[in-house]
Amino acid sequence: MDIRSSYDSVAAAYAEHLFTELERKPLDRHLLDRFAEAVVGRGLVADLGCGPGHVSKYLHERGVSVCGIDLSPEMVRCATRLCPGIEFRVGDMRALDVPAGHFAGLVAFYSIVHFPPAEIEPVLRECRRVLAPGGPMLLAFHAGDQTVHLDDLWGRPVSLDFQFHQPRAVAGALESAGFVVSEATEREPYADVEYPSRRCYLFATAT
């Protein structure tokens, strides 16, 4: 079972458990509000690895022109059902089917969690390719150096490796890929809301 089929398997349960999670994550909302202020009116923004669309919906409600992209067709179906008025499409953030500079901004919440460290810079180079010069990117991930493997998620069969990343390494990969990192924020996990891992958020701008 690969990543796509794993998320197809768990899509409905994922949406049921996580679609409203931002209501209980004040820092995430604050950072997304700031991102929205930076991109509203500038053009189309992509939510990479959008899952059931909750981040896209949050940005859309704040006036951002946003589309969601996810590897899993079932996730895209869930997002389309849960978030009317927003376009969702199947796509791979390692090779996005859009021309260079197509997006005015990018948000990627936990979208790099299945890439080992060696693959992060190539993924971010593709993000840079599709982002207009001066466009912002907000990236969130689990901070650390461990890998957590799951064969079951909410009672559904999966085979997923969740890779944690060192913030300095991801910031360095962003710089090498053609971004300027302007801000790094870390926080402890919200108890009883999410997996108990330290979280990191990076704001970067395409050069």
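Predicted model: local features only at pLDDT ≥ 70, side-chain atom pairs only at ≥ 80, totals over all residues.
So, Ser72: its side chain reaches the backbone nitrogen of Met75 at 3.0 Å.

Residues are numbered from 1 along each chain as its sequence is written, and side-chain values use heavy atoms, with hydrogens and water left out.

Where does Ser72 sit? In the loop between S2 and helix H4, residues 73-82. Helices (H or I, at least four residues) and strands (E, at least two) are DSSP runs, numbered from the N terminus. Is Ser72 buried or exposed? It counts as buried, because its relative accessibility is 1%, and buried means under 20% relative accessible area with a 1.4 Å probe, protein chains only. Leaving aside residues up to four places away in sequence, Ser72 touches Arg4, Tyr7 and Asp8, where touching means heavy atoms within 4.5 Å.

Tyr7 takes us to the pockets. A pocket here is an open set of points on a 1 Å grid over the protein atoms alone, where a 1.4 Å probe fits, with protein on both sides within 12 Å along at least five of seven lines; lining residues have an atom within 4 Å of a point. The largest pocket has 43 lining residues, and Tyr7, Tyr14, Tyr110, Val113 and Phe162 lie nearest its centre. About 970 Å³ of space lies in there, a volume being the space filled by probe spheres set on the points, which are joined across faces, edges and corners. Which element gives the most to that lining? H1, with five residues.

The second largest pocket holds about 170 Å³. Here H3 supplies the largest share of the lining, three residues. Among the lining residues are Phe19, Arg29, His54 and Tyr58.

Last stop, the hairpin. S6 and S7 form it with two residues between them, and Trp154 in the turn has a positive phi of about 55 degrees. The two strands run antiparallel, joined by six bridges; strands pair if DSSP finds at least two bridges between them. Leu150 stands opposite Leu160 in S7.

How values were computed:
Buried < 20%, exposed > 50% of the residue type's maximum accessible area, 1.4 Å probe, protein only. Polar contact = N/O pair within 3.5 Å; in protein donor to acceptor, adjacent residues only side chain to side chain.
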